[in-house]
Amino acid sequence: CLEDDPSCAFLVERSHPELNSDSFQLCLDLPEVARARSRCLLLCKRTKAQEPTGNDKTLLLFSLPDESGRLSQALGIFTERSVNVLYIQSGADAHHVGEASFYAELKGHVQEKSMSRAIEELMEITSFTKVLGSFPASRLRAT
């Protein structure tokens with residue numbers, strides 16, 4: 001259980017009104033994260049990958065040339081492999097001029113065949129791809 005794991009913490013947006021600040025903060029208190037109902041990132045020091053649960057998410061970073069149709073091509077890979085893109089955010093790539101960086105949340109686990117093949121195909125068209133990890137989808141729900 002994450003509440004009992006001292007190697008885990010949450011990175012939470014501090015701009016949320018209930019957290020009263022304007023950046024990000026590490027939070028060790030799971031109930032505080034649940035009350036904030038804010039997008040957060042779980043950080044853990046683990047020696048082995050989380051096993052698939054059947055209800056997982058995978059986080060991914062990738063960069064593409066800033067050219068017409070390149071994002072559509074990348075998203076088409078996920079469509080062809082039946083991998084659902086739950087969330088995507090873009091930004092300029094600070095390290096490579098003329099490239100755009102993307103953060104994506106995908107439904108499924110990196111160990112699933114469709115997900116691993118989609119990521120392999122994505123790597124063929126991207127200049128950078130990094131799987132941040134797979135984990136069980138949140139059981140925390142807004143009330």
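This report walks through the sheet, the helices and the aromatic pairs of a predicted model.

## The sheet

Let's start with the strands. In what order do the 4 strands of the open sheet stand? The order is β5-β6-β4-β7, and the pairing is antiparallel. At the edges stand β5 and β7 (128-136), and each has a single partner strand, so one side of each is left without a neighbour in the sheet. From one strand to the next, the twist averages 15 degrees.

If strand pairing is new to you, here is some background. Strands of a sheet pair through backbone hydrogen bonds, either parallel or antiparallel.

## Partners of strand β6

Now look at β6, which covers residues 99-107. Over 9 bridges, β6 pairs in the antiparallel sense with strand β4 (residues 56-65). You can trace this pairing residue by residue: Lys57 stands opposite Lys107 in β6, while Pro65 stands opposite Glu99 in β6.

Strand β6 also pairs with strand β5 (residues 85-92), again in the antiparallel sense, over 7 bridges. Here Gly91 has Ser101 in β6 as its bridge partner.

## Helices across the sheet

Helix α2 (residues 70-80) lies across β4, β5 and β6. Its direction is at about 150 degrees to β4.

Helix α3 (residues 113-125) lies across β4, β6 and β7. This helix runs at about 15 degrees to β4.

## Aromatic pairs

How many aromatic pairs does the structure hold? There are 2 aromatic pairs. In one of them, the ring centres of Phe62 and Phe102 are 5.2 Å apart and the planes are at 20 degrees; the pair is stacked because planes under 30 degrees apart count as stacked. This pair links distant parts of the chain, with Phe62 in strand β4 and Phe102 in strand β6, 40 residues apart.

Tyr87 and Tyr103 form an edge-to-face pair, with 6.1 Å centre to centre and 70 degrees between the planes. This pair also links distant parts of the chain: Tyr87 belongs to strand β5 and Tyr103 to strand β6, 16 residues apart. Tyr87 has a relative accessibility of 26%, so Tyr87 counts as partly exposed.

Notes
Residues numbered from 1 in each chain as written. Predicted model: local features only at pLDDT ≥ 70, side-chain atom pairs only at ≥ 80, totals over all residues. Heavy atoms only, no water. Pairing = 2+ DSSP bridges. Helix = DSSP H or I, 4+ residues; strand = E, 2+ residues; numbered from the N terminus. Axes fitted to C-alpha atoms, helices over the stretch in contact; angles between N-to-C directions. Contact = heavy atoms within 4.5 Å. Phe/Tyr/Trp six-rings, centres within 6.5 Å; stacked < 30°, edge-to-face > 60°. Buried < 20%, exposed > 50% of the residue type's maximum accessible area, 1.4 Å probe, protein only.
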